[in-house]
Amino acid sequence: MADERVPRPVLHGVRHEGGGILRLYLDCDTGIDDALAIAYLLACPRVTLAGVGTAAGNTSAGQAGRNTLGLLHLAGRPDIPVCVGGEETGGEETGGEETGGEETGGDGESRGGGAEPVHGSNGVGGVTLPAGGPADPRAPWQLLIDLAREHPGELHVLVTGPATNVARALRESPELPGLVASVTVMGGAVRAPGNITPRAEANIRNDPRAAATVLAAPWPVTLVPLDVTMRHRWTEDDRAALRAGGTPLHETLAAMLPAYFASYESRTGIREIPLHDPLAAAIAVGEVTPADAPELPLRVDAEGGVREDQTAASRVRVVLALDSPAGPVILRRILADAESVA
Ligand SMILES: [Ca+2]
């Protein structure tokens with residue numbers, strides 16, 4: 001990686017000063033909470049969802065693509081390009097790069113460890129979505145590169161699945177960090193327990209090398225780990241409010257959630273669901289404010305654990321706490337879709 005790096009266009013943290021439009025590329029593995037994140041982003045009046053790429057994680061990349069296209073159809077936004085990634089683990093995609101991470105096993109282990117009980121066999125709680133439009137034929141990493149080149153310094157990247165596609169984009173386009181305004185990654189368990197192993201969270205576990213690459217690249221990264229996402233939740237009352245929202249999208253999202261509630265209740269004994277991906281979205285667009293977000297030297301280990309390591313080459317902003325509950329903010333925003341909330 002060259003020492004002469006393009007200056008970063010913005011520092012950590014997204015501001016809505018001046019009311020400008022925030023242009024965003026989403027890479028996801030849709031997924032129930034990815035679906036909530038998509039609905040949230042579509043409802044943000046100052047956010048332009050410029051494109052979506054899918055990776056294998058909660059479900060296959062292909063199924064995640066179909067889920068995304070169906071959601072966009074329900075939302076009346078078939079204009080947003082959706083590109084479907086490969087089904088590989090991505091273990092070959094970061095070879096030779098300085099990742100700041102350790103060697104991973106590259107054992108080709110299938111993804112979605114533990115995902116099916118959480119997200120259902122089709123990723124969205126068994127709910128049948130409409131077919132939606134065709135996928136964009138480009139690879140997701142090409143879409144990301146194209147958008148970054150079309151809008152240099154203005155594109156924000158949000159990753160709510162394994163970082164496979166974004167790591168590939170970095171390999172294909174080494175100038176990418178200089179073109180992207182910010183990167184927000186939902187993933188990891190820094191000081192809190194993991195959700196796949198005692199230390200590993202699913203997104204990182206599903207492609208540790210890609211995560212290491214993305215966290216170490218010379219762009220401003222904000223990590224939104226389980227440390228904070230497990231603490232911002234919805235109850236059945238929130239689901240009822242969502243269902244009463246009255247649009248086909250609201251009703252469909254609400255129909256996905258019983259499977260999610262059941263999964264978390266079986267593990268935690270509490271009928272509440274954490275808002276992993278929509279919380280990362282709300283942080284990415286600056287609607288909720290981190291109260292504790294230190295810049296930490298992080299290392300991704302071969303098993304997908306993310307740990308603090310003073311010898312790590314790069315530092316990542318890690319959101320550990322917010323200044324207020326995010327659940328009501330996310331719910332109000334999704335429900336306000338038709339109300340033009342400024
Ligand atoms: Ca996800």
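The following legends describe close-up views of a predicted model of one protein chain.

**Figure 1. Overview of the predicted chain and its confidence.** The secondary structure of the protein chain comprises 13 helices and 13 strands. Of the 342 residues in the chain, 55% are buried. The mean pLDDT of the chain is 88, and 84% of its residues reach 70 or more.

**Figure 2. The two stretches with pLDDT below 50 at residues 1-18 and under 50 at residues 338-342.** Residues 1-18 have 26 contacts in the model beyond near neighbours in sequence. For residues 338-342, the model has 4 contacts beyond four places in sequence.

**Figure 3. The largest nonpolar core.** This core has 105 residues. Those with the most contacts inside the core are Leu24, Tyr40, Leu41, Leu144, Val214 and Leu215. Helix α1, which spans residues 32-43, supplies the largest share of the core, with 9 residues.

**Figure 4. The surroundings of Val214.** Val214 is one of the residues with the most contacts inside the largest nonpolar core. When residues up to four places away in sequence are not counted, Val214 touches Ala163, Val166, Ala167, Val183, Val185 and Val221.

Figure 5. Helix α10 covers residues 236-243, and its buried residues are Asp238, Arg239 and Leu242. These three lie on the same side of α10 because they cover an arc of only 100° around the axis. An α-helix has 3.6 residues a turn, so residues three or four places apart point the same way. On the other side of α10, Asp237 and Ala240 are exposed. The elements that cover the buried residues of α10 include strand β7 (233-234), helix α11 (248-268) and helix α13 (327-335).

**Figure 6. The contact between helices α10 and α13.** The axes of α10 and α13 come within 10 Å and cross at roughly 10°. Because angles under 35 degrees count as roughly parallel, α10 is described as roughly parallel to α13. From α10, the contact is made by Asp238, Ala241 and Leu242.

Notes:
Residues numbered from 1 in each chain as written. Predicted model: local features only at pLDDT ≥ 70, side-chain atom pairs only at ≥ 80, totals over all residues. Buried ≥ 20, exposed ≤ 12 C-beta atoms within 10 Å, placed from the backbone. Helix = DSSP H or I, 4+ residues; strand = E, 2+ residues; numbered from the N terminus. Arc of directions from axis to C-beta. Contact = placed C-beta atoms within 7 Å. pLDDT = per-residue confidence, 0-100. Core = buried A, V, L, I, M, F, W, Y, C linked by C-beta atoms within 7 Å. Axes fitted to C-alpha atoms, helices over the stretch in contact; angles between N-to-C directions. Parallel < 35°, antiparallel > 145°, perpendicular 65-115°, else oblique.
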